[in-house]
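Reader: Hi! Could you walk me through this structure, one bit at a time?
Author: Happy to, just ask away.

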Amino acid sequence: MRPSKILLVILLLLLFVDGMLYLHAGLMARDLQNDHAVQAAAVAGLGLTDLCVATEARYTRHPAVSDPMAPFMDHPGTIEHFPTGSFWGAPQAADFL
Amino acid sequence: MIPPGLEKQFNILDFSLSSLWRRKYKNLGIILVFSGVIFLLASFQMLTGALSGTAKTVLANTPEITIQKMSAGRQEAIPLNYAGRLSSIFGIQAVVPRVWGYYFDGSNLANYTVMALEPGSMPGFSRLGLTLAHGRFPESGDAGGVVLGRSVQDILGLDDRRRFSLFRPDLSLKSFSVTGIFNRESDLLTNDLIVMNPADARDLFNIAPTMATDLCVYVTNPAEIENIAKKISTLLPDTRVLTKNQIHKTYQVVFSWRSGFASICLMTALVAFAILAWDKASGLSPEERREIGILKILGWETGDILAIRFWESALVSFLAFVIGTTAAYIHVAFLGGTLLKPVMVGWSVIHPSFKLLPAVTLGDLLLILTFSVVPYLGATVIPAWRCSTVPPDSVIR
């Protein structure tokens with residue numbers, strides 16, 4: 001068999017896998033619609049402002065309503081020590097009125 | 001019948017594949033490392049894209065305006081009479097005071113979010129029942145009643161028990177009774193929540209009855225949110241006023257690939273790989289130089305040799321791109337981004353299991369392709385062109 005035909009088989013295999021994943025994405029999107037409706041109900045009923053992703057520090061638990069300078073405000077010269085503080089980008093100070 | 005031009009390209013492709021197979025361990029190693037770098041970059045992009053997409057969808061009903069009192073650069077409790085001072089602003093539908101804060105459970109090293117508001121005060125209260133796996137929300141006179149997030153229930157080790165206690169600031173104990181548990185579907189928002197009545201929250205945190213943590217403002221006409229927010233900040237100059245739009249923008253910033261430490265690490269890895277590829281390709285081995293020389297003596301043109309190198313590089317980088325992005329999708333969709341999650345949640349004891357649909361957009365794929373395939377093509381084809389322009393007799397001698 002020509003090497004290019006072996007390559008074609010490999011590419012078709014990858015195409016098949018990606019096709020299956022594409023179908024999976026469609027099914028998952030439909031499945032997540034229900035979750036999103038429940039989450040939207042929680043937001044509307046409790047006035048929530050943030051996702052519960054990182055709970056170690058208040059400025060990563062609630063970045064939308066925390067002080068933008070919060071990581072450095074515990075005492076003068078304090079340094080950031082929570083790992084998520086270095087992963088998450090800080091909201092722009094100009095966003096606040 | 002294959003056209004002659006295409007047949008020639010097929011033959012060159014066959015030759016390139018045979019050439020790659022002759023050095024299979026080295027090339028498979030490159031594909032593996034290259035796929036790994038693309039996998040990390042794509043996983044990061046898909047995970048953060050999914051989170052910011054979810055935030056955009058589910059936070060659509062977040063309070064339109066949130067008012068926080070500021071003192072010496074810090075947020076502090078806001079007097080309830082501030083709500084009355086807003087009555088002069090036309091277009092405000094409702095002002096809802098909330099009492100909320102964080103409770104650090106020292107024995108489990110976990111932070112809980114305590115949230116309290118008057119039952120029925122929020123516009124969307126009637127649909128809150130959807131968020132419960134079982135039970136009900138505490139009613140106004142229901143002293144000590146709480147609804148718990150699933151992780152809070154697990155960490156407190158309640159199982160079927162309904163009663164537990166938390167410490168007040170003076171270390172006296174306050175008892176609570178579980179009236180309901182949030183369901184799995186709402187985990188991404190409620191996993192660390194303890195919802196209770198405002199009177200219980202004030203008792204727990206020792207907050208005066210005339211104070212709240214912040215005020216949520218709902219307006220009649222959504223088009224007037226920004227105007228009303230400006231009026232509020234003029235009327236209450238010692239407050240910070242956040243609008244729904246700013247909350248949404250926050251999530252586009254915190255999860256953006258342009259910000260954050262992880263993206264810098266991944267970009268550094270990509271640059272390191274490009275340098276490695278350049279180093280590998282610029283120092284063609286004597287065997288590879290001799291191969292090019294022999295091909296030229298046999299009548300191959302410079303363009304044909306470049307076509308071989310192009311096919312070799314394109315195949316290696318394209319296969320690595322497809323394998324890397326496919327693995328990234330599987331990593332985020334089926335494994336919940338296991339490798340990146342520890343970086344995202346840090347030392348958090350409570351964090352939800354991610355059920356996220358990876359965000360795959362054409363723009364992101366083109367971006368990853370540009371950062372990966374193009375530098376590799378450049379780093380391998382250009383040195384091959386320099387070598388193929390050298391007289392063949394000087395190469396094979």
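Author: Let's begin with confidence: this is a predicted model, and chain B has an average pLDDT of 86, with 95% of its residues scoring at least 70. pLDDT is the predictor's confidence in each residue, from 0 to 100. Local features here need pLDDT of at least 70 and side-chain atom pairs count only at pLDDT 80 or more, while totals for chains, interfaces and linings use all residues. Residues are numbered from 1 along each chain as its sequence is written, and chains are lettered from A and ligands numbered from 1 in the order in which they are written.

Reader: What does chain A average for pLDDT?
Author: Chain A averages 82, and 74% of the residues score at least 70.

Reader: How many helices and strands are in chain A?
Author: Chain A has three helices and zero strands. Along the sequence its pattern reads α-α-α. Helices (H or I, at least four residues) and strands (E, at least two) are DSSP runs, numbered from the N terminus.

Reader: How many are there in chain B?
Author: Chain B contains 14 helices and 13 strands.

Reader: What radius of gyration does chain B have?
Author: Chain B has 31 Å, whereas a compact globule of 397 residues would have one near 21 Å. The radius is taken over C-alpha atoms, and the globule rule is 2.2 Å times the number of residues to the power 0.38. Along its principal axes, the C-alpha trace of chain B spans about 95 × 50 × 45 Å.

Reader: Which domains does chain B have?
Author: The assignment gives domain 1 (4–57 + 255–396) and domain 2 (92–219) of chain B. Those bounds come from an automatic or database domain assignment. The centres of the two domains, taken over C-alpha atoms, are 49 Å apart. Their contact takes five residues from domain 1 of chain B and ten residues from domain 2 of chain B. Two residues are in contact if their C-beta atoms, placed from the backbone, lie within 7 Å.

Reader: Switching topic: how many residues of chain B are in contact with chain A?
Author: 76 residues of chain B are in contact with 53 residues of chain A. Helix H8 (residues 244–254) of chain B gives the most to chain B's side, with six residues. That side has 40 nonpolar, 26 polar and ten charged residues. Here Ala, Val, Leu, Ile, Met, Phe, Trp, Tyr, Cys and Pro count as nonpolar, Asp, Glu, Lys and Arg as charged, and the others, Gly among them, as polar.

Reader: Can we zoom in? Which residues of helix H6 of chain B are buried?
Author: In H6 (residues 198–205) of chain B, they are Pro198(B), Asp200(B), Ala201(B) and Leu204(B).

Reader: Why are they on the same side of H6(B)?
Author: Because they cover an arc of only 160° around the axis. The arc is that of the directions from the helix axis to the C-beta atoms. An α-helix has 3.6 residues a turn, so residues three or four places apart point the same way.

Reader: What do the buried residues of H6(B) pack against?
Author: They pack against five strands of chain B: S4 (92–105), S5 (110–116), S8 (163–167), S9 (173–182) and S10 (193–196).

Reader: Where is Leu193(B) found?
Author: Leu193(B) is found in strand S10 of chain B. Leu193(B) counts as buried because there are 27 C-beta neighbours inside 10 Å. Not counting residues up to four places away in sequence, Leu193(B) touches Thr113(B), Met115(B), Gly149(B) and Phe182(B). Leu193(B) and Gly149(B) are 44 residues apart along the chain, with their C-alpha atoms separated by 5.0 Å.

Reader: Last one: is Pro358(B) buried or exposed?
Author: Pro358(B) is buried, with 25 other C-beta atoms within 10 Å. Pro358(B) lies in the loop between helix H12 (341–345) and helix H13 (362–388) of chain B.

Definitions and conventions:
A residue is buried if 20 or more other C-beta atoms lie within 10 Å of its own, exposed if 12 or fewer, and partly exposed in between; C-beta atoms are placed from the backbone.
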